[in-house]
Amino acid sequence: MNVKHLEVKNFRNIERTTIDPCDGVNIIYGENAQGKTNLLESIWLFTGCRSFRSSKDSELINFNSKTANLSMDFFARDRDQNAYLEIGEGRKFILNGVKMKSSNQIMGEFLAVIFSPVHLSLVKEGPYERRRFLDIAISQLKPKYAVTLSQYNKAVAQRNVLLKDIQLHSELYDTLDIWEDRIAFFASEIIRQRLGYINKLSFYTDEIYSGLSSGKEKLDISYNQQTLVVGDSKQELYENMKNQLYQSRKNDLITGFTSVGPHRDDLSIKIDRLPARTYGSQGQQRSAALSLKLGEAAVIKNFCDVQPVALLDDVMSELDTGRQNYILNHIRDWQVFITCCDPTAVKNLKYGLKLEMKDGICKKR
Ligand SMILES: Nc1ncnc2c1ncn2[C@@H]1O[C@H](COP(=O)(O)OP(=O)(O)O)[C@@H](O)[C@H]1O
Ligand SMILES: [Mg+2]
């Protein structure tokens, strides 16, 4: 998967610019607020996902325009393709001349992973962010997982309502069993998928983090269940989960909330055996978040045999030269876009292309 040519019009502060990136490392450097992140954001939108930093599409359009227009030539599925995106009242996608019915239709055509400072929350914040990371990553590989997850969440919400209703109507107590059965059914699949995914992911994050830290530090990721639900098969997980729900009834009836299950679980991230969230330095936390993102890309590569484009926003800051060099020179077998302020970080670039972003115009240097 490679971006060959990109034209950006009236997108944020970029009124008009074009780039012809190389297939390896592309460095976009420039002072603050010149439009570097905006450029990465414009590429990211071709995945069909929401922006990683704006919930409103209207914010993406240049203040002096009514629409933003993006056109990208890319190479995927062994052929040259073109995608066009107009952002106005809504989003309009055209893929190889064919208008897409919805944003969902473009998903999977252009694959990318994005790492930006907002993704540091993966390491720094609470479990919600990490569950979201896992759930989105798995859903991309297995769309059926997203359906299971939504059925699970609905079943948990129903049990929660019931827990409160039972306070007034004790005769409803027996109906708990129906919802717990559904919850356990979906939960067993979710837990199984998450365990499988983390198992694959850790293989890559291990290697990447070790490379980043020149072999001096060790990153360990694992599935951290708030209440242990174990089993070698889906059936065992199901039975175990059902039992846990049953055990938690007394407590859950008091709180009105389902206290066990994958909606409470977490992805544990440890560096040299210590939780990265509480003990990691800025640079270690950044390296850990970056390893997760690059690991995610490697799993996609392994699963779909497609190397997604890597978009790395501001990844160099707070990293020492060893770590910077690893990023610049060891992630060469796929196309990467890296933004940075300090062009001296680029001095160590052995291969690749340098682009300078100034006032929304990107030029080859
Ligand atoms: N819709 C918009 N129209 C015009 N300018 C915008 C819009 N949205 C953001 N900007 C401007 O873009 C600039 C930030 O660009 P950004 O890509 O984040 O900079 P950096 O080069 O530091 O990554 C800011 O000056 C901001 O005001
Ligand atoms: Mg930026």
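**Entry 1: the hairpin**

I started at the hairpin of strand 4 and strand 5, where two residues sit between the strands and Arg-77 takes a positive phi near 50°. I am working on a predicted model, in which local features need pLDDT of at least 70, side-chain atom pairs count only at pLDDT 80 or more, and totals for chains, interfaces and linings use all residues. For my own bookkeeping, residues are numbered from 1 along each chain as its sequence is written, chains are lettered from A and ligands numbered from 1 in the order in which they are written, and side-chain values use heavy atoms, with hydrogens and water left out.

**Entry 2: strand 4 and its neighbours**

Strands here are DSSP runs of E, at least two residues long, numbered from the N terminus. I looked up how strand 4 pairs (DSSP must find at least two bridges between two strands). Strand 4 and strand 5 (residues 79-87) are antiparallel and share nine bridges. Strand 1 (residues 2-11) also runs antiparallel to strand 4, with seven bridges joining them.

**Entry 3: ligand 1**

How many residues surround ligand 1? I found 15, counting a residue if one of its heavy atoms lies within 4 Å; the closest are Ala-33, Lys-36, Thr-37, Asn-38 and Ile-61. The shell divides into three nonpolar, seven polar and five charged residues, with Asp, Glu, Lys and Arg as charged and Gly among the polar ones.

Next I listed polar contacts (N or O atoms within 3.5 Å). A polar backbone atom of Ala-33 is 2.7 Å from an oxygen atom of ligand 1. For Gly-35, a backbone N or O atom lies 3.0 Å from an oxygen atom of the ligand. For Arg-12, a backbone N or O atom lies 3.4 Å from a ligand nitrogen atom. Taken alone, ligand 1 exposes 580 Å², and the protein buries 74% of that.

**Entry 4: aromatic pairs**

I found three aromatic pairs (ring centres within 6.5 Å). Phe-185 and Phe-186 are edge-to-face (planes over 60 degrees apart), at 5.4 Å centre to centre and 70° between the planes. Phe-185 is partly exposed at 46% relative accessible area, while Phe-186 is buried at 8%. Phe-203 and Tyr-204 also form an edge-to-face pair, at 5.0 Å and 85°. Phe-203 is exposed (over 50%) at 54%, and Tyr-204 is buried at 17%.

Key: Helix = DSSP H or I, 4+ residues; strand = E, 2+ residues; numbered from the N terminus. Polar contact = N/O pair within 3.5 Å; in protein donor to acceptor, adjacent residues only side chain to side chain. Areas by Shrake-Rupley, 256 points an atom, 1.4 Å probe, with all protein chains shown as cover. Phe/Tyr/Trp six-rings, centres within 6.5 Å; stacked < 30°, edge-to-face > 60°. Buried < 20%, exposed > 50% of the residue type's maximum accessible area, 1.4 Å probe, protein only.
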